[in-house]
Amino acid sequence: MERALIAEFEATMATLLAGLSADTLPLATGIAALRQSMRGVGHVKMANVEKAKAREADLLAGLKDPKKAAVAAE
């Protein structure tokens, strides 16, 4: 799982960097910081990974659709 998380993080960062601007910086920073919440061992880590991925999906949707950005940032 750890290697898959690293590969996903690298792909996400590439996507964020490609569209980075002053407007997208707050969401991009939030997305990058989510990886710090993926802590724990066993079922605790899995639960934290699931929460972080759900939040990441919301924030990425905000990057694609500015109308969702305000909701995602909350």
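Angles under 35 degrees count as roughly parallel, over 145 as roughly antiparallel, 65 to 115 as roughly perpendicular, and the rest as oblique. Here are some notes to read alongside the structure, which is a predicted model: local features need pLDDT of at least 70, side-chain atom pairs count only at pLDDT 80 or more, and totals for chains, interfaces and linings use all residues. Residues are numbered from 1 along each chain as its sequence is written, and side-chain values use heavy atoms, with hydrogens and water left out.

1. **Overall make-up.** The protein has four helices and zero strands, giving the pattern α-α-α-α along the sequence. Helices (H or I, at least four residues) and strands (E, at least two) are DSSP runs, numbered from the N terminus. Of the 74 residues, 26% count as buried; buried means under 20% relative accessible area, exposed over 50%, and partly exposed in between (1.4 Å probe, protein chains only).

2. **Helix 1 against helix 2.** The axes of helix 1 and helix 2 (residues 25-33) come within 11 Å and cross at roughly 175°, so the two helices are roughly antiparallel to each other. Phe9, Thr12, Met13 and Leu16 of helix 1 make the contact with Ala28, Ile31 and Ala32 of helix 2. Axes here are lines fitted to C-alpha atoms, for helices over the stretch in contact, with angles running from 0 to 180 degrees between N-to-C directions. Contact means heavy atoms within 4.5 Å.

3. **Lys45, a buried lysine.** Lys45 is found in helix 3 (residues 43-64) and is buried, with a relative accessible area of 12%. Not counting residues up to four places away in sequence, Lys45 touches Met1, Glu2, Leu5, Met38, Arg39 and Gly40. With Glu2, the side chain of Lys45 forms a salt bridge (2.5 Å, N to O). That pair links distant parts of the chain, Glu2 in helix 1 and Lys45 in helix 3, 43 residues apart. Glu2 itself is partly exposed at a relative accessible area of 42%.

4. **The other salt bridges.** The count comes to three salt bridges, where a salt bridge is a side-chain nitrogen of Lys or Arg within 4 Å of a carboxyl oxygen of Asp or Glu. Glu8 pairs with Lys53, their closest N and O atoms being 3.0 Å apart. Glu8 is partly exposed at 30% relative accessibility, and Lys53 is partly exposed at 32%. Arg35 forms a salt bridge with Glu56, again with closest N and O atoms 3.0 Å apart. Arg35 sits in the loop between helix 2 and helix 3, and Glu56 in helix 3, 21 residues apart. Both Arg35 and Glu56 are buried.

5. **Val49.** Val49 is also in helix 3 and is buried, with a relative accessible area of 5%. Leaving aside neighbours within four places in sequence, Val49 is in contact with Leu5 and Met38.

6. **The surface.** The protein exposes about 5100 Å², with carbon and sulfur atoms supplying 63% of it. Accessible areas come from the Shrake-Rupley method with a 1.4 Å probe; for residues, only the protein chains shown count as cover. Leu17, Leu20 and Leu25 form a nonpolar surface patch with about 300 Å² of accessible area together. Patches are made of residues with over 30% relative accessible area and no salt bridge, joining like charges within 9 Å and nonpolar side chains (Val, Leu, Ile, Met, Phe, Trp, Tyr) within 5 Å. Leu17, in helix 1 (residues 2-18), is exposed, with a relative accessible area of 62%.
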